[in-house]
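Let's take a walk through this structure together, one stop at a time. Have the sequence and the 3D view at hand as you read.

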Amino acid sequence: MRNLYRGLRNVWRNRSRTVIVLGILSLAACLGLVMLAVEEGIGSQVRRLEQQVGTIIEVRPAGAYGMMAVTDTLLPPSMVEEIAAMDGVAQVSPYVVGRMSPLTGLRPGERGGRRLVFGVAPGGELTVMGGGQVEVTAGRNLEPEDAGRAVAVIGSRIAELEELDLGDEILIENRPFSVVGIHESGLRLAAMTVFIPYDVALDVFGLDGLSQIYVRADSIGYVDPLREALIARYGDTVDVIAQKDNLMARLEDSLASLTSASRLGLVLSLLAAGVVVFGTMFLVVRERAREIGILKAIGAGRRDILLQFGSEAVFLSLLGAIVGLGLFAVMGPALASTVQQVTAVQAPTALPRGIGEFGALPRPGAVPGGTQIFRAGMAMAIGTVEVTLTWALAARAILGGVALGLAGGLFPSLMAARLKPAEVIRRD
Amino acid sequence: MTDKVITADRLTKSFRFAGQTVQALREVSFHVDRGSLTAIVGPSGSGKTTLVNLIGGLDNPTSGELWVDGVPVHELPESRLTDFRRRKVGFVFQFYNLIPNLSAIENVALPLEFQGVPRTRREERAAECLAMAGLPAERYRHPPGRLSGGEQQRVAVARALVHGPAIVLADEPTGNLDSAMSATIMDLLRALARDHGTTVVVVTHDHQLARRADRTLNIEDGKVRGVHERRTEGSTDCG
């Protein structure tokens with residue numbers, strides 16, 4: 001224990017050097033933590049999306065690239081019953097995507113913009129963007145008895161912009177609808193959507209078929225067999241897309257640059273910190289060679305020297321990690337945001353077949369503002385990765401600090417332990 | 001019959017330096033009696049420090065035998081040498097060589113720490129030795145940088161004694177002190193030998209100080225050229 005204590009005290013023997021070294025180590029630790037947090041944040045967001053869409057299979061009219069609003073082909077409503085009878089199907093959700101309809105509130109023309117209207121099976125889950133779920137936070141969801149009724153659940157952002165509340169009346173295609181619920185989602189675009197019963201949507205938009213059918217499989221294991229069965233049954237008339245393959249693979253591809261940048265940053269931070277610990281301890285051992293000789297002369301064994309210098313390296317590195325945690329707590333969110341912005345610059349142009357394809361987002365040019373919406377797709381799907389100092393992150397920083405100190409300080413400490421006392425005393 | 005605590009028999013040490021083999025000691029034979037104060041004198045480069053390093057187990061002889069307090073030092077591997085130094089030897093160096101960020105009492109307690117002695121016992125024993133070495137009690141908690149040269153050497157002497165070694169080896173212990181302080185430190189070492197039965201071997205350039213020793217070994221060119229016994233005032237050659 002005394003060896004460790006001496007190691008701790010020795011950290012402060014050359015205070016100015018220790019302060020400089022700690023500054024470098026803490027910056028490296030902070031950057032490393034930011035990279036780690038960004039990668040973990042992306043991972044958890046991706047898992048969140050994956051959970052939401054993992055068991056969903058999307059059935060579209062063949063060639064209805066991106067969404068139905070720009071194709072003349074629709075799916076016959078009878079498909080809903082047929083698919084529901086297939087093995088492994090947990091739920092079938094018919095989906096009608098309305099045009100970007102002028103949604104007129106109490107003061108039409110003032111704030112009323114074009115909102116995306118979805119017709120869904122009343123009583124089912126509300127999903128948007130190819131399966132992203134939304135949650136009704138005020139009022140109620142559409143119920144089975146709402147079939148045929150002019151009721152709507154609107155996004156929270158619409159409610160805010162249009163100053164709408166439960167019970168208010170809105171006009172869709174000049175027909176009055178009563179607001180029965182307000183929904184929210186982590187996905188910002190979803191907060192700008194309106195849900196109405198799909199049979200009402202067919203009528204309102206004058207459609208004779210469904211835009212899409214979302215099929216939720218019983219479990220992820222049913223997804224592939226079910227996709228094959230759907231293709232076998234409907235052949236070339238439909239496109240069958242399993243979201244887990246389509247969305248997640250492309251989403252992860254799109255995030256690859258961010259993930260690899262954060263990994264590279266993490267490795268470089270660790271490497272820089274390791275080199276600093278190694279260099280510092282190497283210098284310390286050279287400086288204190290005579291002292292090591294004296295310690296050995298008065299009875300210190302190799303183990304004592306190894307423990308003393310090893311613990312000094314570990315304490316130095318650990319202090320760097322702790323100060324780095326403090327820096328991370330203060331600067332982490334801003335740094336993480338910068339990292340995301342810098343690495344995501346190329347992302348929208350790399351997404352011509354990305355988010356816009358799987359969901360209800362219009363493909364570029366389909367509607368006014370569509371390109372912007374499309375390009376914002378990835379950011380909306382992933383959202384802002386929240387970077388916060390958690391116990392898990394702190395524990396990893398502490399463990400990382402200890403490991404780094406051990407790794408960086410091992411060779412110099414072994415070098416110190418192997419010094420021959422007579423040689424260093426004679427040399428100096 | 002006197003008890004020989006150090007016995008060297010044809011002790012030889014050579015090492016490589018700047019690409020050449022240097023013969024530091026050439027078949028040196030001598031003995032040192034227990035409880036005596038022995039001075040080793042000789043010009044620079046004569047092999048005095050090499051001899052002290054061998055006696056103290058800091059280095060291995062190239063050939064010959066060396067027995068210290070019954071231990072065949074010439075046969076000990078590095079791991080056993082550490083234990084030998086830890087239990088049998090105390091060192092005093094010219095430049096004190098105290099650990100700068102430890103207090104006087106912590107410095108003195110270090111050898112006991114390496115023996116695994118509990119803290120309270122260590123501090124008690126270190127305080128006893130500091131008192132014996134003549135350091136004022138209010139200085140015990142001072143770091144070496146706040147002590148004078150003489151005080152630092154007193155701390156170094158206390159550190160050499162604290163674990164009750166069989167021998168204390170002092171390499172130029174007064175080389176960095178003025179003459180008055182040198183005499184004080186020498187008297188301290190002499191008292192140590194006389195009153196506590198500790199064998200003290202002192203390397204010095206100073207013949208005046210060497211006269212205070214019971215016995216003087218003259219070393220030149222790696223050989224013992226003469227042994228001067230103070231008690232008998234005689235002189236013999238030991239080669």
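In which helix of chain A is the place of A:L271? A:L271 lies in helix α7 of chain A, residues 243–287; helices here are DSSP runs of H or I with at least four residues, strands are runs of E with at least two, and both are numbered from the N terminus. Before going on, please note that this is a predicted model, where local features need pLDDT of at least 70, side-chain atom pairs count only at pLDDT 80 or more, and totals for chains, interfaces and linings use all residues. Residues are numbered from 1 along each chain as its sequence is written, chains are lettered from A and ligands numbered from 1 in the order in which they are written, and side-chain values use heavy atoms, with hydrogens and water left out.

Back at A:L271, the residue is exposed, with a relative accessible area of 55%. The cut-offs are under 20% for buried, over 50% for exposed and partly exposed in between, with a 1.4 Å probe and protein chains only. Together with A:L264, A:L268 and A:V275, A:L271 makes a nonpolar surface patch of about 400 Å². Such patches take residues with over 30% relative accessible area and no salt bridge, joining like charges within 9 Å and nonpolar side chains (Val, Leu, Ile, Met, Phe, Trp, Tyr) within 5 Å. A salt bridge puts a side-chain nitrogen of Lys or Arg within 4 Å of a carboxyl oxygen of Asp or Glu, and accessible areas come from the Shrake-Rupley method with a 1.4 Å probe, where for residues only the protein chains shown count as cover.

Next, visit A:P77, in the loop between β1 (56–61) and α3 (79–84) of chain A. A:P77 counts as partly exposed because its relative accessibility is 36%. Leaving aside neighbours within four places in sequence, A:P77 is in contact (heavy atoms within 4.5 Å) with A:D208, A:G209 and A:L210. The C-alpha atoms of A:P77 and A:S211 are separated by 9.7 Å, although these residues are 134 residues apart along the chain.

Is B:N97 buried or exposed? B:N97 is buried, as its relative accessible area is 12%. Not counting residues up to four places away in sequence, B:N97 touches A:R290, A:I294 and B:R159.

Finally, look at strand β9 of chain B (residues 215–220), which pairs in the parallel sense with strand β3 of chain B (residues 37–41) over 4 bridges; two strands pair if DSSP finds at least two bridges between them. Here B:T38 stands opposite B:R215.
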